[in-house]
Amino acid sequence: MGELLTVAHLSKSFATSGGLPWRRQRIAAVKDVSLSIERGRTLGLVGESGSGKSTLGRCILGLAKPDEGQIRFDGIEVQGLSGKRLKDFRRRVQPVFQDPYGSLDPRWPVGKSVREALDCFGIGTGLDRDRRVRDLFARVGLDPALMGRLPSHLSGGQRQRIGIAAALASEPELIIADEPVSALDMSVQAQILNLFLDLQQDLGVASIFITHDLGVVQHVSDTVAVMLRGAIVETGETDRVMTRPLHSYTKSLLAAVPRSR
């Protein structure tokens with residue numbers, strides 16, 4: 001299929017806050033990370049809270065500036081993009097955030113939130129955009145009659161589906177989903193995970209699925225990268241990592257996955 005995204009030797013640190021300026025330190029959140037993802041494939045990025053996986057996702061999205069390293073998308077160096085090229089990158093790479101309520105404007109009807117990307121990137125005519133929004137609602141399993149509702153009038157699962165629809169609006173090639181099911185009930189989690197699988201199969205969208213749960217990774221991912229204290233300690237095809245883990249940390253994560261009897 002060919003590589004869509006390549007990250008090489010990426011590092012990102014943050015300065016500690018408070019105290020005297022000369023006593024402040026820099027905390028490494030991401031340490032010399034390299035990974036790649038092919039078109040149409042899903043990479044599961046897994047690790048405990050504070051392991052650096054969300055920071056890595058934000059760097060790829062351009063929401064945080066790395067200290068060192070390189071990010072290439074479709075062969076183009078991402079750092080330093082501006083103007084039309086930056087706008088094109090943002091159209092082609094879209095996020096789905098953990099909190100489906102916090103990522104939606106509470107004052108906007110949810111149909112407007114889904115349409116925002118179409119307006120921003122000038123995709124189609126006004127009628128085309130209206131039709132596209134209705135189609136997106138149907139694709140993520142929502143009744144288009146909900147388009148006029150405010151986020152507060154919808155369930156958590158419905159709001160997350162809205163977030164996914166909004167991410168799909170610009171027809172991206174890569175979605176970076178940061179803990180998109182961790183705030184949902186177990187039954188709703190399964191529905192959203194199945195939706196991601198269906199979308200990958202139907203649309204061929206590549207995904208980076210950030211999670212702390214290897215059980216989730218097993219369900220949705222083709223490959224896995226395991227992060228510990230800012231570094232990737234193991235990578236591989238999902239089946240291999242789940243059945244023959246090499247690193248002790250991966251083994252401990254697997255030991256925490258509930259097993260059916």
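Trainee: Hi! Is Phe-73 buried or exposed?

Mentor: Phe-73 is buried, with a relative accessible area of 3%. Keep in mind that this is a predicted model.

Trainee: Why does 3% count as buried?

Mentor: Because buried means under 20% relative accessible area, and Phe-73 has 3%.

Trainee: Okay! How many aromatic pairs does a search of the whole structure find?

Mentor: The search finds two. In one of them, the rings of Phe-73 and Phe-89 have their centres 5.7 Å apart and their planes at 80°, so this pair is edge-to-face.

Trainee: Where do Phe-73 and Phe-89 lie?

Mentor: Phe-73 is in strand S4, while Phe-89 is in helix H2 (residues 83–92), so the pair ties together parts that are 16 residues apart in sequence. Phe-89 is buried too, at a relative accessible area of 5%.

Trainee: And what about Phe-196 and Phe-209?

Mentor: They form an aromatic pair that is edge-to-face, with 5.2 Å centre to centre and 85° between the planes. This pair links distant parts of the chain, as Phe-196 sits in helix H6 and Phe-209 in strand S8, 13 residues apart. Phe-196 is buried at 8% relative accessible area, and Phe-209 counts as buried at 2%.

Trainee: Let's stay with S8. How many residues of that strand are buried?

Mentor: Six of the six residues of S8 (residues 206–211) are buried, so the strand is largely enclosed by the rest of the structure.

Trainee: Which residues are on each side of S8?

Mentor: Ala-206, Ile-208 and Ile-210 are on one side, with Ser-207, Phe-209 and Thr-211 on the other, and both faces are covered.

Trainee: Which strands pair with S8?

Mentor: Strand S3 (residues 42–46) pairs with S8 in the parallel sense over five bridges, and Leu-43 has Ile-208 as its bridge partner in S8. S7 also runs parallel to S8, joined by five bridges. Here Ile-175 stands opposite Ser-207. The chain goes from S7 through H6 to S8, and this β-α-β crossover is right-handed.

Trainee: New topic! Which strands form the open sheet with antiparallel pairing?

Mentor: Four strands do, in the order S2-S1-S4-S5. Strand S2 (26–38) and strand S5 (76–77) are at the edges with a single partner strand each, so one side of each has no neighbour in the sheet.

Trainee: How many bridges are there between S1 and S2?

Mentor: Strand S1 (residues 3–15) and S2 pair over nine bridges in the antiparallel sense. Lys-12, for instance, stands opposite Val-30 in S2. Helix H1 (residues 53–61) packs on this sheet, where it touches S1, S2 and strand S4 (68–73), and its direction makes about 120° with that of S1.

Trainee: Last one: how many residues does the largest nonpolar core have?

Mentor: It has 36 residues, and those with the most contacts inside it are Val-114, Phe-137, Ile-162 and Ile-164. Several elements each supply at least two residues of this core, including helix H3 (110–121), helix H5 (156–168) and strand S7 (174–178). H6 gives the largest share, seven residues.

Trainee: What does Ile-164 touch, leaving out residues up to four places away in sequence?

Mentor: Ile-164 touches Val-96, Val-140, Ile-192, Leu-195, Phe-196 and Leu-199. There is also a second, separate core of 29 residues, and Phe-73, where you began, is one of its members.

Methods: Residues are numbered from 1 along each chain as its sequence is written. This is a predicted model: local features need pLDDT of at least 70, side-chain atom pairs count only at pLDDT 80 or more; totals for chains, interfaces and linings use all residues. Side-chain values use heavy atoms; hydrogens and water are left out. A nonpolar core is a set of buried Ala, Val, Leu, Ile, Met, Phe, Trp, Tyr and Cys residues joined through side-chain atoms within 4.5 Å. Buried means under 20% relative accessible area, exposed over 50%, partly exposed in between (1.4 Å probe, protein chains only). Contact means heavy atoms within 4.5 Å. Two strands pair if DSSP finds at least two bridges between them. A crossover is right-handed if, with the strands pointing away from the viewer, the path from the first strand over the helix to the second runs clockwise. Axes are lines fitted to C-alpha atoms, for helices over the stretch in contact, and angles run from 0 to 180 degrees between N-to-C directions. Rings of Phe, Tyr and Trp (its six-membered ring) pair if their centres lie within 6.5 Å; planes under 30 degrees apart count as stacked, over 60 as edge-to-face and the rest as tilted.
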